[in-house]
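The following exercises ask you to work through a model with its sequence and coordinates at hand.

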Amino acid sequence: MMSGEWVRIWRRFAAMLVKEFKQLGRDRVLLAFILYAFTLDVFLAASGVSLSLSSAVTWVQDFDHSAASRELVGRFQAPYFKVARDFDADRDGQAALDSGTAMILLSLPQGFGRDLAQGRGAELAMQVDTTNSVLGFLAVSHGEQIAARFGIESELARRGASARDEAALPGVDNAMRVWFNPNQNDSWFMGISEMLNIATVFSVLLPAAALVREKERGTVEQLMVSPLSPFGILFPKVVAMTCVIVAGIAVTLFLVLIPLFSIPVKGSLLLFFAASMLYVFTTAGLGLFAATVSQNLAQAGMLSILILSPMLFLSGAWTPAEAMPDWLRWLMYASPLHYYLDIAFGILLKGQGAADLALPLTEMGGIGVLVLALGLSLFRRQFA
Amino acid sequence: MKLQRVSAIAAREWREIVRDRLFFALAFIVPALLMLLFGYGLSLDVENIPFTVVDYDRSALSRDYSWQFIGSRYFKFQGYSDSESEAGRKLTSGQVRMTLVIPERFGHDLEAPGRAAVQTVIDGTFPSRAMTTRGYVEAINADFSRERLARLPVLSGMKGVVLQSRYLYNQNVSSIRSLAPKLIMVVLMLSPPFLTALGIVREKENGSIFNIYSSDISRGEFLLGKLAPYVAISTFNILTLWCFACLLYQVPFKGDFAFFLLASWIYVLCTTGIGLLVSVLVSTQVAAMIVTLVVTMIPSILYSGLIIPIASLGSGARVVAHIVPAMYYADIVVGCFLKGIGPGALWRQLLVLTAYALILFSLGYALFSKRPRT
């Protein structure tokens, strides 16, 4: 008799699944938008952004006009700096910084070359727009290195040291290597993280909306009086949305990221899709949670932004966990995206396998089970 | 157009919003909470980068050199590793993000005196972090080399060239100072369109909009009345967010408050207009939510200069940046807060925003029809 029971459960499940797919398929605008998000939107993010300090626009005020001053200015060059033009009046420079036309003002005082030639040491001034604090810091750090190096070289030349002495100067030569993305290809990072973002947006919103819509229209009452259990109502919704979203991820990966941006898939694709499925499931739990708490879509919508925005921007992709205050870090550990991010980048770029990722995978799964169970019990209490 | 009808619609909408207590509360709580979470969380300062050292030399000098990193606030020492392969494993597992390898003859080579080689490996998964890490490593190496040089007899008493740097607009180079004003931009981009789109599509989806279709209220009267409460809520939120930035994050406000308020208000009109346009185009609330989220959230963070400077954007993304109002408003808030510049320098941005609001509202007006086809 057990098998007859299972067949019935399976039939109900299949019927609900078909219903969910049909409902989704009829919202053409929504479908078109899902397609846009998983293709063009990711393409735009992946192709459009370069994150390094490159060609910081530099204006120069050279009061000295000596060979030395010209040479030093000549050393502020690509890739970090781009000397755009000379200017005379302080006012012009200030205006350029205010309007954002220039990021850096270099100012070499009169007598710069003479002081240097007499071994008295020389100074130059650099004003940096630190509206973007990291870039500002980097610009100053590069500038200091250029100036110091120039000072040492000209001092050596003044004291008549030969080229051989110069090569023998003590110092540290650093061979720097970058792993997992050797060419520092920003499109890999941007492309993958945008794909994860989009998947997250849909994983929270689609199931939440599918449930609240039934509540708002009252069709959930019909479902409750049917032989379906609360689990039998929620589960097919999550499964249907998971299918759509994982298909979306596949489209992004195979039609956009791999062919257009040559993202290397170092690990197993099977593992990646299994992990993605688990992730969508977990995140859908968060959406359902928002849906059970709210009475109508407007409420669910506002709650979803509240869940989504911190998830997306505090996931660790933009801001490392180390830089956050403790209470926020704990909040971050509760977000499934935090783990999925490590998992996805680990599989795709680092080639990590299931054994390496066991910890984040179980943590993510654990959150999923917890959230789904909580959502289910809330839902039950509401209607039973 | 009759003012009386507009106010009747507005009063009705207001009552509906207020009666939905959770929604009403969220309309104010969401922006405040987002400002709080982003303000504390979205710090761009890269500090405490976990790293490990493989010291094959184990000399006094190599220890001294490692201490330049261990003692720096930018790095966080996670213990020595015995071999490069062990360090490599730590890097792959994400335990550390940088490894420093000091070869055997390091101390000897430096004492010679001459050049000593070291090797650093950086985790490049997140390029912006890798770039910053690289900058720190270079700076520490340069400092260390300079210090060794100064001990050289050839260079004794050298003065050298000193770069006097001055940080503008953000003297302590703390990222919250530069972020907080821009967060106002992000939060005002997120919540007003959402409120508006949901408010209008709700009527479409549950059919109550047919009351409007069959009444003699004109399109303009309906839209104005409908939008007014949402604009009012968002206007109040401008003030809340301003207080957050000034009082909680202690960002100095150097500009003209009246100008800031006016610009913010026009910006809110723009973002409300986006919500209006979305709500005219879609017919279900699900679609409204998703479309609004994708058109507002992602551009306002990625293409507004919040995290990535506009100058670093590629051509496609730069086009998006110029289409979305966020970038213009970002110039205004940053100008008002950090730079203390006013309408004299920012009138162009204000003009763009005004034009933007006008275009959105006329589009919404033109596309909203009291005689729907289906």
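**Exercise 1.** How many residues does the contact take from chain B, and how many from chain A?

*Solution.* Begin with the conventions: this is a predicted model, in which local features need pLDDT of at least 70, side-chain atom pairs count only at pLDDT 80 or more, and totals for chains, interfaces and linings use all residues. Residues are numbered from 1 along each chain as its sequence is written, chains are lettered from A and ligands numbered from 1 in the order in which they are written, and side-chain values use heavy atoms, with hydrogens and water left out. Taking contact to mean heavy atoms within 4.5 Å, one finds 122 residues from chain B and 121 residues from chain A. Next, the area buried between the two chains (accessible area, 1.4 Å probe, lost on being put together and summed over both) comes to about 10,800 Å², with 67% of it on carbon and sulfur atoms. Of the area that chain B buries against chain A, B:R115, B:V161 and B:L163 supply 7%, more than any other three residues.

**Exercise 2.** Which strand of chain B is joined to strand β5 of chain A, and do the two run parallel or antiparallel?

*Solution.* Strands pair if DSSP finds at least two bridges between them; here 9 bridges join β5 (residues 171-179) of chain A to β4 (residues 115-123) of chain B, and the strands run parallel. Within β4(B), B:D123 is the bridge partner of A:W179, and the side chain of B:D123 also takes part in the salt bridge with A:K350.

**Exercise 3.** Describe how each chain is divided into domains.

*Solution.* By an automatic or database domain assignment, chain A has domain 1 (2-49 + 184-383) and domain 2 (56-167), their centres 51 Å apart over C-alpha atoms. Chain B has domain 1 (3-42 + 174-367) and domain 2 (49-155), with 47 Å between the centres, again over C-alpha atoms.

Technical notes. Salt bridge = Lys/Arg side-chain N within 4 Å of Asp/Glu carboxyl O. Helix = DSSP H or I, 4+ residues; strand = E, 2+ residues; numbered from the N terminus.
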